[in-house]
Amino acid sequence: MCGIVGYIGYREAYPIILEGLKRLEYRGYDSAGIALYDGTDLNVCKTKGKVADLESRIEKESTTKGSIGFGHTRWATHGVPNDINAHPHYSNSGDLVIIHNGIIENYSALRKELISRGYSFKSDTDTEVLVNLIEDIKRKEKTKLGKAVQIALNQVVGAYAIAVFDKNKPDEIVIARLGSPLAVGVGDNEFFIASDASPFIEYTKNAIYLEDEEMAIVRLGKEIKIRKIKDDSSVDPYVQELQMNLEQIEKGGYEHFMLKEIYEQPRAILDTFRGRLLSNEAIIKMVGVEDNMKKFLNADRIIVVACGTSWHAGLVSEYIFEDLARIPVEVEYASEFRYRNPVITEKDIVIAISQSGETADTLAAIKLAKSKGAFVFGVCNVVGSSIARETHAGAYTHAGPEIGVASTKAFTTQITVLTLIALRLARAKGTISSSDFRRHLIELELIPEKVEKTLLSDKNVKTIASIYKDAKNCLYLGRGYNFPVALEGALKLKEISYIHAEGYPAAEMKHGPIALIDENMPIVVIATKMGHYEKVVSNIEEIKSREGKIIGIVTEGDETVKKLADHVIEVPETLESLTPLLTTIPLQLLSYHIAVMLDKNVDQPRNLAKSVTVE
């Protein structure tokens with residue numbers, strides 16, 4: 001969950017690394033550090049806190065000189081966030097320095113062995129163990145750094161993306177990955193290293209993504225060399241052209257990335273179905289689906305694996321697939337799926353959903369499903385990500401970079417892709433009529449415009465947020481397609497405002513949560529006219545009789561709920577299956593405004609990271 005940035009070339013490395021760390025701070029912000037080699041000395045500066053704290057410290061205490069170096073922003077796993085546990089870490093001799101994203105699971109045993117050989121440790125991290133293991137092997141085997149790294153990585157258990165530098169060989173950086181992303185930007189006589197491409201997008205459009213169990217030696221004035229960690233076999237570098245641009249990863253005048261990304265949803269949804277949805281011709285074109293149509297049509301069931309917000313999108317897809325395509329669906333937490341010995345057969349299709357395409361639990365679930373013979377289809381946002389490479393086929397969302405840790409446009413674009421797949425399968429299976437199919441396509445095509453209209457409720461939502469910002473608890477209720485939206489709304493509030501919130505199916509309220517309701521409890525109820533409207537109105541009556549404060553998400557023109565609720569937020573009318581694309585918008589805005597009013601760090605909530613690359 002940490003961010004890695006490195007540079008080797010002819011420019012000053014410090015400004016490149018520092019700006020890169022700022023762009024990667026969504027990956028972790030407990031501590032940060034930079035190592036720079038100025039041609040004579042290796043200088044390391046690191047601190048607890050954010051990249052801004054590191055910048056201040058470097059200006060006071062360290063040098064910014066050098067054309068080779070790397071930096072790190074940390075999300076703590078082993079060892080509390082403090083100056084000592086921050087990366088980079090030295091080896092005992094001070095010759096080697098390392099940064100690391102991931103977890104070395106057998107670090108304790110390795111640490112004991114190294115202590116018995118005379119090594120000492122300053123930090124509580126598994127990373128310091130790894131750099132000393134590399135040094136120990138380098139000394140004993142009398143080998144070069146690259147070979148020592150390879151031997152060491154064959155002895156560790158866990159996940160990693162690492163960059164290692166030896167001040168006695170100051171023209172190279174050795175990098176490697178297993179389970180954590182690592183990209184190399186290829187410029188003219190210079191290389192950039194990063195957890196994703198955002199730190200080097202203005203310098204080069206050419207990138208190489210390391211695969212799992214690959215390592216590379218990046219040298220000044222030479223071509224990159226990539227080898228397999230297991231058997232030392234050579235790998236031909238595959239250079240791909242990046243599609244993102246610098247403007248996509250800047251705030252564009254918005255106060256926070258999260259707000260920018262909420263307002264980007266009309267365009268993101270449009271970009272996601274653009275070229276795939278042809279309503280005039282009544283066609284959905286998705287290569288990953290078309291090329292594997294037989295597998296989809298012959299599947300006994302679909303298993304969706306995901307985590308967090310992506311899991312909620314998977315829950316929405318369960319309703320969509322079963323309702324439209326009549327295929328049984330199970331939605332699993334990826335973190336539970338791989339550990340419970342699930343029953344998977346060759347007749348199953350596993351759909352893996354992840355914004356980053358690097359979620360460790362989801363990747364592990366994919367590997368398990370493939371080992372059982374299942375066909376695995378990926379849905380992710382990042383081109384060239386691990387999930388995109390690990391799955392048999394897939395479909396990208398086209399949300400563009402999502403920097404805010406709390407997902408917004410990822411959720412709606414994932415639902416868009418899953419809806420397209422469900423509609424295409426329904427048409428192929430004959431479970432939807434031609435007229436109903438066309439109606440769905442037309443309505444889906446109107447969703448970006450309707451999201452734009454929903455965003456006009458922002459002022460109303462902000463007023464509601466000011467009333468309930470000091471609530472200690474909040475309940476979110478929805479039925480059918482909007483039950484997962486209730487879960488997602490509660491998650492957003494928890495993530496960025498730290499207010500305790502729970503999502504429930506509205507009918508389940510009376511089986512426990514109703515005991516919590518009093519005059520101080522705000523209850524958000526999704527009560528659109530499509531679906532189980534009368535039942536939800538009855539649930540609202542139950543809340544009102546217990547003096548709960550009701551915030552209703554309703555269809556435009558609704559009068560019934562308006563009379564019962566303390567506040568209403570209107571969304572345009574659409575088909576029931578598409579309502580989650582609209583009803584989630586006010587909930588995102590509500591969470592955002594409450595968090596801002598509470599002076600929380602909206603884009604970087606405490607203890608969270610954007611790309612969860614540890615299990």
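The model is a predicted one, in which local features need pLDDT of at least 70, side-chain atom pairs count only at pLDDT 80 or more, and totals for chains, interfaces and linings use all residues. Residues are numbered from 1 along each chain as its sequence is written, and side-chain values use heavy atoms, with hydrogens and water left out. Helices (H or I, at least four residues) and strands (E, at least two) are DSSP runs, numbered from the N terminus.

**Helix pairs**

- Two packed helices are described by the angle between their axes and the distance between the axes. Here axes are lines fitted to C-alpha atoms, for helices over the stretch in contact, and angles run from 0 to 180 degrees between N-to-C directions.
- Helix α3 (residues 107-116) packs on helix α4 (residues 126-141) at about 50°, and their axes lie 10 Å apart. That makes α3 oblique to α4 (angles under 35 degrees count as roughly parallel, over 145 as roughly antiparallel, 65 to 115 as roughly perpendicular and the rest as oblique).
- On the α3 side, Y107, L110, R111 and L114 meet D126, V129, N132, L133 and D136 of α4, where contact means heavy atoms within 4.5 Å. The residues of this contact divide into five nonpolar, one polar and three charged (Ala, Val, Leu, Ile, Met, Phe, Trp, Tyr, Cys and Pro count as nonpolar, Asp, Glu, Lys and Arg as charged, and the others, Gly among them, as polar).
- Helix α14 (residues 409-429) and helix α15 (residues 434-455) have axes that come within 11 Å and cross at roughly 165°. These two helices are therefore roughly antiparallel to each other.
- From α14, the residues T419, L420, L423 and R427 make the contact with S434, F437, H440, L441 and L444 of α15. By class, the contact of α14 with α15 has five nonpolar, three polar and one charged residues.

**Strand β6 and its partners**

- Strand β6 (residues 96-104) is mostly covered, with nine of its nine residues buried (buried means under 20% relative accessible area, exposed over 50%, partly exposed in between, with a 1.4 Å probe and protein chains only).
- Strand β5 (residues 89-90) runs antiparallel to β6 and is joined to it by two bridges; two strands pair if DSSP finds at least two bridges between them. H89 stands opposite I98 in β6.
- β5 and β6 form a hairpin with five residues between them, and G94 in the turn has a positive phi of about 85°.
- β6 also pairs with strand β7 (residues 158-166), in the antiparallel sense and over nine bridges. There, L96 has D166 in β7 as its bridge partner.

**Other buried places**

- Helix α5 (residues 145-153) is mostly covered, and seven of its nine residues are buried. Its buried residues are covered by elements including β6, α4 and β7.
- I201, in the loop between β10 (191-194) and β11 (206-209), is buried, with a relative accessible area of 5%. Its C-alpha atom is 8.3 Å from that of G185, 16 residues apart along the chain.

**Backbone geometry to look at**

- Most residues other than glycine have a negative phi, and most peptide bonds are trans.
- The peptide bond from H87 to P88 is cis, with omega near 5°, and P88 is found in the loop between β4 (68-74) and β5.
- R326 is not a glycine, yet has a positive phi of about 55°. R326 counts as exposed, at 55% relative accessibility.
- N341 is not a glycine either, and has a positive phi of about 50°. At 62% relative accessibility, N341 counts as exposed.
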